[in-house]
Amino acid sequence: MHPVVANAIKKLVDSGITPTVALTKSKLTQSVAMPDIIAGIAAYKQDPTCIEDSQAIDKPTAPAAQSQLDRIEAKLDKLIELLEKS
């Protein structure tokens with residue numbers, strides 16, 4: 001299951017709302033293809049515990065995002081330094 005879809009479904013379930021395609025799509029934090037949303041809903045209906053499994057897989061990606069942010073900040077600092085020298 002797509003991690004963003006799993007997060008959206010988890011938000012709905014935690015609120016006590018039964019996930020549907022439209023509700024799940026409204027809770028997405030980024031664009032996801034409709035077949036991924038439908039597959040996520042179907043997977044959740046067959047096994048509601050699958051959203052916890054998907055959450056566990058999704059968490060290790062945070063350091064990668066932070067690493068990418070650090071690289072972008074370093075490049076930005078270099079660009080600012082070059083502009084100040086000009």
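Me: What makes a stretch of residues a helix here, and where is L82 found?
Reply: Helices are DSSP runs of H or I with at least four residues, numbered from the N terminus, and L82 is found in helix 5, residues 61–85. This is a predicted model, in which local features need pLDDT of at least 70 and side-chain atom pairs count only at pLDDT 80 or more, while totals for chains, interfaces and linings use all residues. Residues are numbered from 1 along each chain as its sequence is written, and side-chain values use heavy atoms, with hydrogens and water left out.

Me: Why is T24 called buried?
Reply: Buried means under 20% relative accessible area, with a 1.4 Å probe and protein chains only; T24 has 0% relative accessibility and therefore counts as buried. T24 lies in helix 2, residues 21–27.

Me: Which residues is T24 in contact with, leaving aside its neighbours within four places in sequence?
Reply: Contact means heavy atoms within 4.5 Å, and on that basis T24 is in contact with V5, A8, I9, L12, P19, I37 and I41.

Me: What makes a group of residues a nonpolar core, and which residues form the largest one?
Reply: A nonpolar core is a set of buried Ala, Val, Leu, Ile, Met, Phe, Trp, Tyr and Cys residues joined through side-chain atoms within 4.5 Å. The largest has 11 residues, namely V4, V5, A8, I9, L28, V32, I37, I41, Y44, C50 and I51. Helix 1 (3–14), helix 3 (34–46) and helix 4 (50–58) are the elements that give two or more residues to this core, and helix 1 gives the most, with four residues.

Technical notes. Buried means under 20% relative accessible area, exposed over 50%, partly exposed in between (1.4 Å probe, protein chains only).
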